[in-house]
Amino acid sequence: INSTPPNFIKNIITEDLASGKVKEIVTRFPPEPNGYLHIGHAKAIWINFTIADEFGGRTHLRFDDTNPVKEDVEYVNSIKEDVKWLGFEWEELHFASDYFEEMYERAIVLIKKGKAYVDDQSPDEIRATRGTLTEPGQNSPYRDRSVEENLDLFARMRAGEFKDGEKVLRAKIDMASPNINLRDPVIYRILHATHHNTGDKWCIYPMYTYAHPLEDAIEGITHSLCTTEFEDQRPFYDWVIEETEMPSVPRQYEFGRLNLTQTVTSKRKLKLLVDEGIVDGWDDPRMPTISGLRRRGVTPEAIKSFVFEAGISKAYGEIDLKMLDHFIREDLKLKAPRTMAVLDPLKVVITNYPEGQSEMLEAENNSENPEMGHRQIPFSREIYIEREDFMENPPSKYFRLFPGNEVRLKHAYFIKCNDVIKDEEGNVIEIHCTYDPETKSGSGFTGRKVKGTIHWVDAAQAVPAEFRLYEPLILEDQVNDDVDELDEGEGAEEKTFMDHLNPNSLKVVQGFVEPGMKDVKPQDKFQFFRHGYFNVDSKYSKPGHPVFNLVVSLKSSFQL
Ligand code: ATP
Ligand code: MG
Ligand code: MG
């Protein structure tokens, strides 16, 4: 995971170095600070940082903050935290907004060459005259303004003489180009809005497609890696570099974006979930954001192994969420102590265990990792077991507790069920059992065998705990419609996924954990015997009353 599998980008870089086209490799990860990073971004981060590193190169973190309306320092800070948490270190940190002056100067270069003009048409008119895949667009009536007039109008746009939408600056290329992106794209718009970095200094802002190649060139990026939805923009990317006469020439290469089943990976859609209160913030453990995955209990190693396996190609494919689960289990298997938690408690009284007495039993912390040592757990006359581990009238092949049956209590003794105590309505409220002192775990007892082993906690000393159980946010039948566009347009909010929300994505239950877990810390991870991996929640957990997030269950049908 600290290198990339064989891929086309590495091949290109190898050739570029061999031919002397470039001397060192510089990549960048360029998020727009308009939301929190998600698992798709983790792939882009990993590719940029890892590939550069493999060639002894370097990577910049650059905030692509050219749209003041949607951007915020909260997002800037969360992005930095997330990149670091994933384990990557940027060589340089930049804000695209720091280049506004140079971008403006480069626009003037274009105007002077007759390669850009101020258009008075409204955004609607511009859209309507852009043409279609089969029909060419129409020239704007303002297309042939003189250089002097364009220079004057552009300066007055900057000076704040016009209202939002009244004028734009457009590249002058070809309204009949088969590539619609080359039909005189807008490169500057008027926006009287306060910017998180530049404040009220500017009221004109460069469009993403114009700004991005300039940012890359200014920073000396050699290989500008992005997702395939930008492929049709590449000719304009190259046009901007050439026509603005940038001394350094970056090249854009596209890889396939990461799409996951039952998962939305679009900041816009994730923001909708946050804004509509469907989730409890960007870091809700159900969110595919880096911060949500972290709070859920997913590790950077699991995420990196996952994106490594997903690979780097141009193909558009959807990856099964179960593959991520697989790598989470793989990573936590040897790291997380294995303890016992009862999520749906049923009291068991061990009638032949002396009242007022208790003992400490030794339990190994991880049967697959002896280095994790042992702990002591108390055992006494009353314990809790899982309600589903008892049945009064069991079907055949039910090997857990039922009247007359004997099971093993993990790390403790065999117990046998003798009596079932019920309330007036007939609900089972207590089980009476006897234990056999001979059968103590670790004593080497071989007298007889039992088929079932169940987990338990000591009733007198167990610590009350909350368990938050998760399922995917989106139902299985949801068609992933995450094919993304350059989201500079307004109003195209894709809401259909909101009709496919899983009503059972969060279930909260109250139960008990072993006494030794009273003082667990946020982000401590455990494997609860037979339940799965759990992580201490960083928002709701309190000393003395831990709250655990289900990271992933133990069962897996997934095959690599
Ligand atoms: P979103 O569409 O979720 O808002 P974005 O593409 O607008 O994301 P940016 O902040 O512009 O997000 O993205 C930064 C980088 O992350 C870009 O280079 C983009 O190509 C990449 N990226 C975004 N989503 C994915 C994904 N699902 N898989 C791989 N790379 C991605
Ligand atoms: Mg974006
Ligand atoms: Mg996008």
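In β20, K416 has T434 as its bridge partner. This contact belongs to a predicted model, where local features need pLDDT of at least 70, side-chain atom pairs count only at pLDDT 80 or more, and totals for chains, interfaces and linings use all residues. Residues are numbered from 1 along each chain as its sequence is written, while chains are lettered from A and ligands numbered from 1 in the order in which they are written.

Strand β19 (residues 414-422) runs antiparallel to β20, with eight bridges between them. Two strands count as paired if DSSP finds at least two bridges between them. Helices (H or I, at least four residues) and strands (E, at least two) are DSSP runs, numbered from the N terminus. β19 and β20 form a hairpin with five residues between the strands. There, G426 takes a positive phi near 90°.

Now step from β20 to β14. Strand β20 (residues 428-436) pairs with β14 in the parallel sense, over four bridges. V349 has H432 as its bridge partner in β20. V349 also stands opposite E382 in β17. Strand β14 (residues 345-350) and strand β17 (residues 382-386) are antiparallel, over five bridges.

These strands sit in an open sheet of seven. Its order is β21-β18-β19-β20-β14-β17-β22, and the pairing is mixed. Which strands stand at the edges? They are β21 (453-454) and β22 (456-458). Each has a single partner strand, so one side of each is left without a neighbour in the sheet. In general, strands of a sheet pair through backbone hydrogen bonds, either parallel or antiparallel.

Step back to the whole chain. It has 12 helices and 27 strands. The C-alpha atoms fill a box of roughly 100 × 55 × 40 Å, taken along the principal axes. The radius of gyration is 31 Å, whereas a compact globule of 560 residues would have one near 24 Å. That radius is taken over C-alpha atoms, and the globule rule is 2.2 Å times the number of residues to the power 0.38. Buried residues make up 41% of the 560 residues. A residue is buried if 20 or more other C-beta atoms lie within 10 Å of its own, exposed if 12 or fewer, and partly exposed in between; C-beta atoms are placed from the backbone.

F88 is one buried residue. It has 20 C-beta neighbours inside 10 Å and therefore counts as buried. F88 is found in the loop between α3 (73-86) and β3 (92-95). Not counting residues up to four places away in sequence, F88 touches I45, F49 and V83. Contact here requires C-beta atoms, placed from the backbone, within 7 Å.

T227 brings us to ligand 1. Among the 18 residues around ligand 1, those that come nearest are P31, G40, T227, R257 and K267. A residue belongs there if its C-beta atom, placed from the backbone, lies within 6 Å. Two or more residues of this shell come from each of α2 (39-54), β8 (223-227) and α9 (267-275). The largest share, four residues, comes from α2.

How confident is the predictor? The chain averages a pLDDT of 94, and 96% of the residues score at least 70. pLDDT is the predictor's confidence in each residue, from 0 to 100. Over residues 482-493 the pLDDT is below 50. The complex has an ipTM of 0.96 and a pTM of 0.93.

Terms used: Two residues are in contact if their C-beta atoms, placed from the backbone, lie within 7 Å.
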